[in-house]
Amino acid sequence: MSDTSLAVGAWESLFRAQVTVMRELTNCFPTGEVSFNEYDVLFNLSSQPDRRARIRDLTRHLLLTQPSISRLVDRLASRGIVEKHNDPGDGRGIIVSLTEAGFDLYRRTAVSHAAAIKRRVGGALDTDELIALTELCTKLRLDGADSATETTAVTDGHELTREAVATTAALDAVSRDALSPDALSGSDATPGTA
């Protein structure tokens with residue numbers, strides 16, 4: 001088999017797996033309160049300092065065009081899930097911030113969504129395969145990007161992007177908060193403050 005055939009076959013396998021898994025995760029998405037794309041905005045804002053980012057910076061993390069993101073953010077703002085602010089450093093820029101209600105919605109959704117990901121992806125692959133998949137996908141992503149600007153961290157002896165480590169830590173924290181005695185009892189205490 002030629003190098004080209006191997007590369008095309010690998011691409012087709014990756015693409016078909018991604019489409020299949022995304023369809024399944026979209027079909028079992030845990031809430032009627034936000035769409036999968038809206039959740040992606042909340043997810044990305046939740047991992048930013050002060051849970052806020054410029055729309056132009058969100059564009060790098062989402063699989064939508066900037067005009068589509070702007071419309072989506074407008075819909076979220078009209079529902080009180082995010083707020084829009086003028087960027088004081090750029091008169092044309094808009095900063096989007098996650099409201100407390102938006103962060104609560106993100107956390108509720110994230111717990112169920114992470115469980116679905118664990119069932120679908122973690123159910124098909126063992127720990128070593130999950131680590132290898134993460135490393136291979138990261139390598140593919142960074143090879144086409146300016147890898148000098150991408151930083152990595154070593155977790156359990158494996159090199160992962162700092163973004164992947166932060167994402168995992170955020171989902172772990174959300175899961176812990178959602179399963180805390182206060183959350184399970186319906187207490188109004190803010191997770192992490194008790």
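Buried means under 20% relative accessible area, exposed means over 50%, and partly exposed lies in between (1.4 Å probe, protein chains only). By that scale R107 is buried, because its relative accessible area is 17%.

The model is predicted: local features need pLDDT of at least 70, side-chain atom pairs count only at pLDDT 80 or more, and totals for chains, interfaces and linings use all residues. Residues are numbered from 1 along each chain as its sequence is written, and side-chain values use heavy atoms, with hydrogens and water left out.

**The sheet**

Helices (H or I, at least four residues) and strands (E, at least two) are DSSP runs, numbered from the N terminus. Two strands pair if DSSP finds at least two bridges between them. Here three strands make an open sheet. Their order is β1-β3-β2, and the pairing is antiparallel. β1 (52-54) and β2 (82-87) are the edge strands. Each has a single partner strand, so one side of each lacks a neighbour in the sheet. From one strand to the next, the twist averages 25°. Axes are lines fitted to C-alpha atoms, for helices over the stretch in contact, and angles run from 0 to 180 degrees between N-to-C directions.

β2 and β3 (residues 90-98) run antiparallel and are joined by six bridges. N86 has I94 in β3 as its bridge partner.

**Helices on the sheet**

Contact means heavy atoms within 4.5 Å. Helix α4 (residues 66-78) packs on the sheet and touches β2 and β3. The direction of α4 makes about 120° with that of β2. Helix α2 (residues 36-46) lies across β1, β2 and β3. α2 runs at about 95° to β3.

**Salt bridges**

Side chains of opposite charge can pair when their charged atoms come close. A salt bridge is a side-chain nitrogen of Lys or Arg within 4 Å of a carboxyl oxygen of Asp or Glu. By this rule there are nine salt bridges.

| Pair | Closest N and O atoms |
|---|---|
| E100 and R51 | 3.4 Å |
| K84 and D74 | 2.4 Å |
| D104 and R107 | 3.8 Å |

E100 forms a salt bridge with R51. E100 lies in helix α5 (residues 100-122) and R51 in the loop between α2 and β1, so the pair ties together parts 49 residues apart in sequence. E100 counts as exposed, at 52% relative accessibility. R51 counts as partly exposed, at 25%.

K84 forms a salt bridge with D74. K84 lies in strand β2 and D74 in helix α4, so this pair ties together parts 10 residues apart in sequence. K84 is partly exposed at 38% relative accessibility. D74 is partly exposed, with a relative accessible area of 38%.

D104 and R107 both lie in helix α5. They are three residues apart, about one turn of the helix. D104 counts as partly exposed at 33% relative accessibility.

Salt bridges also link R54, D87 and D90 in a network.

**A nonpolar patch**

Patches are made of residues with over 30% relative accessible area and no salt bridge: like charges are joined within 9 Å, nonpolar side chains (Val, Leu, Ile, Met, Phe, Trp, Tyr) within 5 Å. W11, L14, F15 and L140 form a nonpolar patch on the surface. Together they have about 420 Å² of accessible area. Helix α1 (residues 3-27) gives the most to the patch, with three residues. L140 is in helix α6 (residues 127-143). L140 counts as exposed, at 57% relative accessibility.

Terms used:
Areas by Shrake-Rupley, 256 points an atom, 1.4 Å probe, with all protein chains shown as cover.
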